[in-house]
Amino acid sequence: MDYPPTVRPDKTPKIKIYGAGGHAKVLKCLLDENEIEVCGVYDDFSFGNDNYFGYVRQGIAGDKSEIKESDNIPFIIGIGDNKIRASLSAKIASTFAKVIHKSAVFSKSAEIGEGSVVYAGAVIQCLAKLGKHVIVNTKASVDHDCVLGDFVHVGPNATLCGGIKVGEGTIIGAGAVILPNVEIGKWSTVGAGAVVTKNVPDNVTIIGVPGKIIE
């Protein structure tokens, strides 16, 4: 795969992970498969000598500004919850890497923001734009001219057709389908398997086929 220059594995050979849950495990596997060295695993709580993939999870007990990029190694936040990821991104005093799995298809004309991750088998088509700390999960598809705001999470096998705009902090559930040129507001939830045929406002949940707002 021909990576954009900013996300080639040889340009980001070492990364630290913030988070030690299920999403961080998948992130760790992605980095291993891309031959990127993980140099530390951090979490909100102190776990003492608790072992995590061969690393000691380093708790920081409160002030996340204690975590700084003193060694020039950037972070990736390995937490799937969009609100937590947004909060942490403002508190960790570091730069953030951006990583694309080697099996993903990423158009040369697409863009990706800092802290964002594209997982195995995902497809990012021409002129798509991913904001900061975006997650495009396993085998998801983001078609041409889509724009994903910061902290968006696109679930596994979700399909975003062309020209879609997704607002900050919104989650698109696993297997959901968004039809072309639909706009989805900020901090909303599209349920797993939903089919969204029209615009969605901010701060709502939409489920079903066709999708309907339930709150």
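In this predicted model, the side chains of lysine 28 and aspartate 32 meet in a salt bridge, with a distance of 2.7 Å from N to O. Side chains of opposite charge can pair when their charged atoms come close. By the rule applied here, the count for the structure comes to one salt bridge. Both residues belong to helix α1, which spans residues 22-33. Lysine 28 and aspartate 32 are four residues apart, and this spacing is about one turn of the helix. The two partners can also be described by their accessibility. Lysine 28 counts as buried because its relative accessibility is 7%, and buried means under 20%. Aspartate 32, with a relative accessible area of 40%, is partly exposed.

A second kind of contact involves aromatic rings. A pair of such rings is described by the distance of the centres and the angle of the planes. The structure holds one aromatic pair. Its members are tyrosine 42 and phenylalanine 75, with 5.3 Å from centre to centre and 55° between the planes, an arrangement that is tilted. The pair links distant parts of the chain, since tyrosine 42 lies in strand β2 (residues 37-43) and phenylalanine 75 in strand β5 (residues 75-77), 33 residues apart. Both tyrosine 42 and phenylalanine 75 are buried.

The discussion now turns to a sheet. Strands of a sheet pair through backbone hydrogen bonds, either parallel or antiparallel. Here, eight strands form an open sheet in the order β6-β9-β12-β15-β18-β21-β23-β24, and the pairing is mixed. Strands β6 (99-100) and β24 (212-213) are the edge strands, each of which pairs on one side only. Within the sheet, β9 (residues 117-118) and β12 (residues 135-136) run parallel and are joined by two bridges. Valine 118 stands opposite valine 136, a residue of β12.

Lysine 198 counts as exposed because its relative accessibility is 57%, and the term exposed applies over 50%. Lysine 198 and glycine 211 are 13 residues apart in sequence, and their C-alpha atoms are 8.4 Å apart in space.

Finally, the largest pocket has a volume of about 160 Å³. The residues that line this pocket are Gly80, Asp81, Asn82, Lys83, His153, Gly169, Ile171, Trp187, Ser188 and Thr189.

Conventions:
Residues numbered from 1 in each chain as written. Predicted model: local features only at pLDDT ≥ 70, side-chain atom pairs only at ≥ 80, totals over all residues. Heavy atoms only, no water. Pairing = 2+ DSSP bridges. Buried < 20%, exposed > 50% of the residue type's maximum accessible area, 1.4 Å probe, protein only. Salt bridge = Lys/Arg side-chain N within 4 Å of Asp/Glu carboxyl O. 1 Å grid on protein atoms, 1.4 Å probe; cavity = no way out; pocket = protein on both sides within 12 Å on 5 of 7 lines; lining within 4 Å. Points joined across faces, edges and corners; volume = space filled by probe spheres on them. Phe/Tyr/Trp six-rings, centres within 6.5 Å; stacked < 30°, edge-to-face > 60°.
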